[in-house]
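Here are my notebook entries from an afternoon of looking things up.

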Amino acid sequence: MSDLHIESIKKFSELHPKPTELHFQYGTAGFRTLGSTLDSVVFRVGLLAGLRSKKLDGRTIGVMVTASHNPEQDNGVKLVDPRGEMLEASWEAYATSVANAPTTDALIDALQTLVQTVKIDLSKPAKVVYARDTRPSGPALISALEDGFKALGVEARDAGVTTTPILHYLVKAINTKGSKESYGEDSEEGYFRKLSEAFKKLIAGKAKPEPLVIDCANGVGALAAAKFAEYLGDTLPISLVNTSISSPGALNNACGADFVKTMQRLPSGLGDLLKPGQRACSLDGDADRLMYYYLDERGSFHMLDGDKISTLVATFIVDLVRLAGLDSEIKVGVVQTAYANGASTKYLAARLPVKCVPTGVKHLHHAAEHYDIGVYFEANGHGTVLFSQSTQDKFAKHEPSTPAQSTALNHLVNLTQLINQTVGDALSDMLLVEVVLAHKSYTGIEWNSLYADLPNRLVKVVVADRNAFKTEDAERRLVSPSGLQARIDELVRKYEGGRSFVRPSGTEDVVRVYAEATNKTQADELAFRVAGLVYDEAGGDPSRRPKEFLP
């Protein structure tokens with residue numbers, strides 16, 4: 001096992017001891033917790049990235065240091081596989097094991113076990129590209145990551161401070177360079193050029209859009225959005241707010257996509273800027289989520305979330321496929337989770353196939369790959385569109401028989417360039433939304449009127465053990481505790497348009513209760529009554545049962 005650089009790993013590992021009292025878990029978003037506790041984890045991720053690259057014959061792996069929409073004091077780190085996709089699920093357990101090895105000797109054992117279990121050829125090269133967001137803890141964590149690279153002799157490329165989606169783009173661009181599936185020039189400039197050129201082609205001849213206000217969440221998206229403004233010129237007039245990337249505590253604070261979605265109101269800094277009907281959108285801290293909104297004539301706030309984006313985009317693509325004369329060959333499908341608003345599901349299901357999967361980007365992305373063109377957006381604004389390689393080949397070979405077919409086909413080809421297919425990308429998705437609005441001559445008001453959201457409520461119930469709650473049917477029905485689902489069904493039947501489901505959190509001992517009904521009062525009441533059932537089932541003290549739960 002000398003090829004593992006054991007002495008080098010030991011030397012560097014002693015500089016990054018694991019905190020004895022903490023347990024780390026690699027989940028959908030990688031490792032994510034307080035930035036001040038992550039030093040040892042990030043060092044070990046540097047080792048893991050090198051081994052992952054060796055396992056995949058020296059293909060380049062990505063590492064992103066970010067905690068996305070979380071508060072500034074948090075940080076995190078995640079690995080990106082060669083096609084720009086999330087780390088293969090089987091490696092999540094290996095990452096968790098390596099991160100939790102209590103001592104340097106235990107770490108060496110865990111690494112040797114990994115090498116033997118997955119049969120890694122240590123003579124292969126190791127290549128990694130890495131980046132971080134704007135969090136104050138970023139530079140120190142990057143230093144720990146680089147120690148991991150040095151310990152294993154990894155060839156590493158620093159992409160600097162950039163958005164998570166740009167890092168995903170770079171990983172795919174590096175690994176497809178010079179191939180038939182070349183994804184683009186492997187640089188930040190290549191990313192901006194590819195997307196902006198496609199955008200300009202797609203809105204050529206359309207009315208110039210009204211100015212768009214972008215809330216950058218005081219995060220790294222502010223840097224990327226400012227660069228896009230240069231590349232786009234006057235084809236899309238944009239105004240950036242919440243761009244204070246160096247102000248302590250500003251990141252995601254009362255702004256950003258997650259704030260807008262959960263609070264359902266304007267982020268700070270926009271109050272005096274927006275004219276009635278003017279479009280605005282929010283990115284999150286690492287620019288992978290997007291939320292649109294506007295104020296009406298009375299100053300009331302209207303949110304256009306991931307469900308609204310999915311509906312707008314999917315129906316536009318279906319129309320283009322039909323206009324190109326390809327609807328008999330290419331099938332478009334939409335993937336949602338149980339959190340998707342029932343009104344969006346009803347609207348989409350009347351027009352194209354809709355599949356519901358468990359919560360989590362990896363489930364959505366995987367299901368979307370089964371369609372010729374798969375559209376997925378979580379309600380929180382994270383999503384993208386995937387075009388299968390065979391579909392892109394059909395675009396290249398298809399011979400249009402009319403000028404209208406030719407135009408629609410060109411639009412589809414340009415969409416494959418505009419959309420970042422590796423991961424949800426707030427800026428790419430923003431340009432996509434702007435294209436559809438320009439083609440349809442929609443304002444936010446017309447877009448919002450496609451369907452009316454059913455009123456809904458999300459309630460969190462603290463429980464002793466979330467593992468007592470097991471689900472099926474894409475998390476829409478409880479299997480255990482036994483009998484609880486039947487009682488929920490009985491309650492739901494009492495509410496017009498009622499729908500409710502219960503799912504345990506993946507990270508903390510809470511159970512989330514979602515409910516919908518035809519009016520807000522009923523949705524709230526249903527949510528709290530179902531939460532009451534969960535509270536009782538979880539063995540909560542009746543005297544401390546939250547008052548809102550009472551029927």
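Is D284 buried or exposed? Buried: I found D284 at 0% relative accessibility. My cut-offs, with a 1.4 Å probe and protein chains only: buried is under 20% relative accessible area, exposed is over 50%, and partly exposed is in between.

Before going on, I noted that this is a predicted model, where local features need pLDDT of at least 70, side-chain atom pairs count only at pLDDT 80 or more, and totals for chains, interfaces and linings use all residues. Residues are numbered from 1 along each chain as its sequence is written, and side-chain values use heavy atoms, leaving out hydrogens and water.

**Entry: the binding site**

I checked UniProt, where an unreviewed entry puts a "binding site" at S68, D284, D286 and D288. UniProt positions are in the numbering used here, feature names are shortened, and annotations may be inferred rather than shown by experiment. These residues are spread over 221 residues of sequence, yet they cluster in space, with a largest C-alpha distance of 7.7 Å.

I found S68 in the loop between strand 2 (60–65) and strand 3 (74–80). D284 sits in the loop between strand 8 (280–283) and strand 9 (290–295). Strands (E, at least two residues) and helices (H or I, at least four) are DSSP runs, numbered from the N terminus.

S68 is buried too, at 2% relative accessible area. Which residues does S68 contact, leaving aside neighbours within four places in sequence? Among them are R32, D133, N252, D284, D286 and D288; contact means heavy atoms within 4.5 Å. For D284, the list includes S68, H69, C216 and R289.

I then traced an open sheet of five strands, in the order 1-3-2-4-5 with mixed pairing. Strand 1 (31–34) and strand 5 (155–161) are at the edges with a single partner strand each, so one side of each has no neighbour in the sheet. Two strands pair if DSSP finds at least two bridges between them. Strand 2 and strand 4 (residues 127–132) run parallel, joined by six bridges, and T60 stands opposite K127.

Helix 2 (residues 39–55) packs on this sheet, touching strands 1, 2, 3 and 4. Helix 6 (residues 164–176) lies across strands 2, 3, 4 and 5.

**Entry: strand 19**

Last, I looked up strand 19 (residues 510–516), where six of the seven residues are buried. Seven bridges join strand 19 to strand 15 (residues 456–462), running antiparallel, and L458 has Y514 as its bridge partner. Strand 18 (residues 499–504) is also antiparallel to strand 19, with six bridges.

Conventions:
Axes fitted to C-alpha atoms, helices over the stretch in contact; angles between N-to-C directions.
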